[in-house]
Amino acid sequence: MDWVSWFDAPEYEFARQVLQRGVAALYFVAFLSSLNQFPALLGARGLLPVPDYLEAFSARGRPTLFRWRYSDRLLRAVCGTGLAISALLVAGLPQLGPPWLPMIAFLSLWLLYMSIVNVGQTFYGFGWEMLLLEAGFTVAFLGSDQTDPPRTILILVAWLVFRLEFGAGMIKIRGGREWRDLTALYYHHETQPMPGPLSRQAHLLPKPFHRLEVLGNHFAQLVVPFFLFAPQPLASAAAGIVIFTQLWLVASGNFAWLNWIAIVLAFAAVSDPVAHAVLPVIPLDWHPGDAAGETPLWWLVITLAATLLLVVLSYWPVRNLLSRRQLMNASFNRWQLVNTYGAFGTVTKQRIEIVVEGTLDEDPDESADWREYGFKGKPGDVRRLPRQWAPYHLRLDWLMWFLPLRSVHEEWFYAFLAKLLEADRQVLRLLRHDPFDGGPPRWVRARSYLYRFATRTEFRDTGERWIRTPLYEAIPPLSLRRSPGRRM
């Protein structure tokens, strides 16, 4: 029947290729990040051991394969399986088969990664975790090369981008005054969680440019998302603006895969004719001489069932978007589908860094030889150029940024200090620099510093990219030895 043909979107084959391979590539990064960091952070001997967490795990808790048993070996098996499936999808091999094959592959990634996230505690408490889960579930129903892309699923991916962008925009308008008076970018590049190699240059741009940045951000997040549902070529133009603004965020900071997944998902609104017009190397006809096969009725039923499920679940995030007490990065169901998103409702005006030091001296006073531990991503050495890590996620470094904003007296942080005193190899591998070359210090402590970017003149004079000022001792010297008032 003619009305059935509306559900097929043959003019969005390029979008499907980008969505499937791009989301799979980000799952690969997520599983790789977990494989490298999870055992040290959350493993059997980690900072927040999963076995201890599971003892108090509610029977109604979110689903995870580790509900009944956890081991580091099982965790590595889950990550290895996820890496293998992701690699196959990036190569496009499951997409060569029937439409249920990539569906099973993506749903497997969704379930495997959800098993990790749901026991990840504070180390997995970031909005881009649920964003990746929702994206993986949604693109699972894009089908394979044997069928045309389903139009309703593409619309739902655009709806996901809308919630991501518009939700973030509304959080800012309802949040700190700095977003309304256009001064937020006076501070953001300097105080963001993990600066990149170009963050200092972005921060040093003239203030009028920063005000234009904020205006551009409001336009991109509060106006442009509505045009993702407009006729072509307006929808593709809206997607292009989203992609451009996200690329600027990629260049000016490190936000794990948040910006990258927004870029990938925005391609849901880019049609083949527009993509071909912009880059003629992109084929206009992906199936020359033979169109993709007619969509089987059973596959149409599956995609419509998935569409109905996601539409029904959209009630709660829509209500949240309209609420004056808008939640940021919240899930309304145990499967983490159709969530609400948003970031940086307020911008911190000063950068406070917690610096961890250790000493081999017997007496841990100020005359002791205190040596600083170096982290891979967070600022430390004032001369070191920040590295580009995104889309890879340095979880320990990110949580270090939150310490001065919340409380330095976090359970995981004291566990981290204890691991340094034990010279735990797994934890030391998470660091860039161990001043004791694998040996245990006698004492460790945490100090706070005020960091700011050096001006161009200061950098020319000193070679320092950061200027830091000592503030106070956040945690006094601690030792594993029995010592009154200083025992861990």
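Guide: A residue is called buried when its relative accessible area is under 20%, exposed when it is over 50%, and partly exposed in between (1.4 Å probe, protein chains only). The model is predicted, so local features need pLDDT of at least 70 and side-chain atom pairs need pLDDT 80 or more, while totals for chains, interfaces and linings use all residues. Residues are numbered from 1 along each chain as its sequence is written, and side-chain values use heavy atoms, with hydrogens and water left out.

Visitor: Is Gln336 buried or exposed?

Guide: Gln336 counts as buried because its relative accessibility is 2%. Gln336 sits in the loop between helix H15 (315-322) and strand E1; helices (H or I, at least four residues) and strands (E, at least two) are DSSP runs, numbered from the N terminus.

Visitor: What is the phi of Gln336?

Guide: Most residues other than glycine have a negative phi, and most peptide bonds are trans. Gln336 is not a glycine, yet its phi is positive, about 55°. Phe344 also has a positive phi of about 55° without being a glycine. Phe344 is in the loop between H15 and E1, and with 23% relative accessibility Phe344 counts as partly exposed.

Visitor: Which peptide bonds are cis?

Guide: Two cases can be given. The bond from Gln232 to Pro233 is cis, with omega near 5°, and Pro233 belongs to the loop between H10 and H11. The bond from Ala390 to Pro391 is cis as well, with omega near 10°; Pro391 is placed in the loop between E3 and H16.

Visitor: How many residues of H16 are buried?

Guide: Eight of the eight residues of H16 are buried, so the helix is mostly covered. Among them are Arg395, Asp397, Trp398 and Trp401.

Visitor: Which residue forms a salt bridge with Arg395?

Guide: A salt bridge is a side-chain nitrogen of Lys or Arg within 4 Å of a carboxyl oxygen of Asp or Glu. Arg395 pairs with Glu129, and the closest N and O atoms are 2.5 Å apart. This pair links distant parts of the chain, with Glu129 in helix H5 and Arg395 in helix H16 (residues 395-402), 266 residues apart. Both partners are buried: Glu129 has a relative accessible area of 1%, and Arg395 has 0%.

Visitor: How many salt bridges does a search of the whole structure find?

Guide: The search finds 15 salt bridges. One of them joins Lys378 to Glu353, the closest N and O atoms being 2.8 Å apart. Lys378 is in the loop between strand E3 (374-375) and H16, and Glu353 is in strand E1 (residues 351-359), 25 residues apart. Lys378 is buried at 5% relative accessible area, and Glu353 is buried at 1%.

Visitor: Are Arg442 and Glu362 buried or partly exposed?

Guide: Arg442 forms a salt bridge with Glu362, with 3.1 Å between the closest N and O atoms. Arg442 lies in the loop between strand E4 (431-433) and strand E5 (443-453), and Glu362 in the loop between E1 and strand E2 (371-372), so the pair ties together parts 80 residues apart in sequence. Arg442 counts as partly exposed at 37% relative accessibility, as does Glu362 at 48%.

Visitor: At what angle do helix H3 and helix H4 pack?

Guide: Axes are lines fitted to C-alpha atoms, for helices over the stretch in contact, and angles run from 0 to 180 degrees between N-to-C directions. Helix H3 (residues 72-91) and helix H4 (residues 100-117) pack at about 150°, with axes 10 Å apart. Angles under 35 degrees count as roughly parallel, over 145 as roughly antiparallel, 65 to 115 as roughly perpendicular and the rest as oblique. H3 and H4 are therefore roughly antiparallel to each other. H4 and helix H5 (residues 127-139) pack at about 160°, with axes 8 Å apart, which makes H4 roughly antiparallel to H5.

Visitor: Where is Val214 found?

Guide: Val214 is in helix H10 and is buried, with a relative accessible area of 0%. Val214 and Leu284 are 70 residues apart in sequence and 37 Å apart in space, C-alpha to C-alpha.
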